[in-house]
Amino acid sequence: MILLVRHILVRLAGATIAVVFGLSLICPTAATAGLATPAGPVILVVKGKIGETNVGDEAHFDREMLMALGMRSLTTHNPFETGLQEYEGVLFSDVLKAVDADGEVLVGTALDGYSIEIPVEDIMTFPVMLAMTWNGEVMRPRNKGPLWVVYPIDQYPELQDETYSVRTIWQLADIDVR
Amino acid sequence: MKFSRSDNFSVFVSILTAVFLALSVVSMINALATIRQLQAVNYDNSGLATVQLRMHFNLMMAELRAIEMAPDRMSADEARLRYDIVYERLRSLPQRPPYDEILTSRDLNDLSLMFDRIKGEVDLFDAAPDEGVEVLVGVYSRLWDLQDIMNQFSGRVVQQASDHRDEKRERIVQSTRFLVASTIGVVVTGALFAFLLWRSYRDLRRRNRDLELAKRDLEQASRAKSQFLAHMSHELRTPLNAISGFSDMIRRKAVGGDISDQYVDYAQHIYTSGDHLLAIINDVLDLSKVEAGHFEIDPQVLALRDEIVACLYVIDAPKQNNCRAINVTVADDCESITTDRRMLKQILINLLSNAAKYSPEGCTISVDARRLENGDICVSVTDDGIGIAPEDIPRVLEPFGQSRTNVQVSHQGTGLGLSISRTMMEQLGGSLTIESQLGQGTTVRLRFPPDR
């Protein structure tokens with residue numbers, strides 16, 4: 001009897017190990033449980049040195065996913081526009097945290113292929129925004145959407161420099177963490 | 001204040017260095033600004049954005065053409081994306097650097113024209129997702145003529161961007177040349193400074209050597225002078241003794257005989273003149289000794305009152321000048337003084353002789369000794385004689401200097417007494433000062449340092 005119970009327990013333990021092992025093979029993204037899968041059109045793809053992914057080795061975001069990171073408001077001037085501009089969007093640093101980015105430079109690429117290097121230090125030092133609405137309007141490619149990197153140049157006068165102006169990439173669609 | 005040629009050159013080099021330094025600072029600021037601009041690696045300095053605009057426009061037109069040819073096989077998404085990109089680029093191009101600087105009014109007109117034409121189709125592109133791709137049929141034909149404008153526009157702007165870049169490059173080259181030139185200027189003026197410094201050092205050494213030689217020569221000359229004076233005085237005194245001695249015998253008719261009174265009178269003149277000459281020789285000898293530092297100081301503790309009284313006996317003032325009274329006051333705390341007896345007596349005799357000499361009959365002379373707060377002993381000799389004009393006081397302290405007001409009695413003195421006394425007081429570590437007003441008497445103050 002004891003032998004039978006012991007036999008059953010050994011079998012159960014083996015089966016449990018097999019199930020757990022099998023599950024881990026079936027669900028290779030179990031570690032990325034923190035990053036949801038986009039339900040709507042993808043507006044941002046983050047790749048490169050990141051720890052969190054949801055599609056292959058990339059992190060794809062739709063508008064809802066980005067908004068879930070916490071929307072912020074920013075009112076500042078912009079080197080390419082006249083007058084005060086109002087933006088709403090997410091902090092660039094929140095996006096980097098969400099994908100567990102581990103790099104020093106971000107290569108941002110716009111819908112039209114324009115590409116720019118942004119030091120991670122900028123993002124960690126200043127509250128740089130990935131703007132999603134501009135003066136109350138949702139940003140589409142036609143008005144610099146879907147995302148526009150906006151530096152708070154009024155709040156941090158040291159950012160009023162050409163070095164930062166060229167980093168304010170619009171129509172941003174892709175970030176490569178290097 | 002006069003500047004020598006060397007000083008002028010130094011000032012010139014200093015100004016030149018300051019100018020070059022200022023230029024260097026300006027150049028460095030310029031260079032730093034240029035470096036910062038160069039660091040903005042993504043600055044579009046080759047008209048890339050215009051090229052991309054044309055590329056996206058062509059892609060949009062290709063997509064629209066395909067839609068026009070086979071609308072049933074196409075999706076509106078790609079055309080819409082290209083349309084949005086072209087729309088945004090046309091709108092924002094004039095505001096982004098360097099296009100905000102390089103676009104001409106013709107370029108801006110072309111841009112405005114193209115933007116208006118593109119914007120005119122916006123409703124169709126917005127309707128396409130709902131109403132189908134067919135709504136975009138005809139757009140290609142309407143925008144077809146823009147291709148030529150776009151090509152010309154981008155060609156011109158790329159050239160302008162290139163010119164702009166060349167201008168910038170030229171500015172960088174100029175700024176670098178400027179920096180190099182001002183640095184060379186700083187180096188050259190620095191070298192000139194070093195040369196001037198070396199030359200000053202060399203001149204200083206040469207002057208020091210010359211001064212050393214001059215000092216040695218002067219010392220030698222001074223020794224020679226003192227020696228000469230000592231020899232001369234000795235040589236003069238020897239025959240003078242004979243002159244004085246024999247004239248004294250003649251005036252006193254010491255050897256008897258019949259001598260006329262006129263000869264006795266002549267002998268008296270010879271004797272007086274000889275006596276005066278002896279006094280001058282003695283003073284000259286004393287002065288040369290004092291100046292040469294040959295007067296050896298032998299400090300002794302002396303009873304001040306006794307020394308003053310002894311000097312009074314020597315000059316015999318009442319007999320000489322019928323002085324009415326000579327008052328001597330010595331305070332209790334300076335009864336004794338430590339100083340050189342010979343010098344003290346010579347100084348006092350000089351002062352008392354002057355006081356008696358330059359005072360009228362029936363005069364009063366006072367000698368007052370007291371201790372000052374700082375411990376010095378002050379001996380004052382005061383007379384109520386003719387006095388000295390204040391402006392003459394420095395003169396009477398110089399060798400052979402006499403007051404212009406005393407010319408009528410100047411022949412009685414050598415003009416060396418006060419000068420010798422002052423030099424001796426300085427050698428004793430003290431001082432001699434004169435206070436006087438014309439017609440109101442004179443006070444000469446001797447300050448002896450405290451006993452050590």
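Select chain A, which has 5 helices and 10 strands; helices (H or I, at least four residues) and strands (E, at least two) are DSSP runs, numbered from the N terminus. This is a predicted model, in which local features need pLDDT of at least 70, side-chain atom pairs count only at pLDDT 80 or more, and totals for chains, interfaces and linings use all residues. Residues are numbered from 1 along each chain as its sequence is written, while chains are lettered from A and ligands numbered from 1 in the order in which they are written.

Of the 178 residues in chain A, 31% are buried, that is, with 20 or more other C-beta atoms within 10 Å of their own, C-beta atoms being placed from the backbone.

Next, select Leu130(A), Ala131(A), Trp148(A), Val149(A) and Val86(B), which touch the most other members of the largest nonpolar core, a set of 70 residues. Such a core consists of buried Ala, Val, Leu, Ile, Met, Phe, Trp, Tyr and Cys residues joined through C-beta atoms within 7 Å. Another core, of 38 residues, lies apart from it and includes Cys311(B) and Met425(B).

Return to Ala131(A): among the residues that it touches, not counting those up to four places away in sequence, are Tyr87(A), Met139(A) and Trp148(A). Contact requires C-beta atoms, placed from the backbone, within 7 Å.

Finally, display the contact between the chains, with 15 residues from chain A and 16 residues from chain B. On the chain B side, α1 (5-39), α2 (48-69) and α3 (76-92) each supply at least two residues. The most come from α3(B), with 6 residues.

How values were computed:
Two residues are in contact if their C-beta atoms, placed from the backbone, lie within 7 Å. A residue is buried if 20 or more other C-beta atoms lie within 10 Å of its own, exposed if 12 or fewer, and partly exposed in between; C-beta atoms are placed from the backbone.
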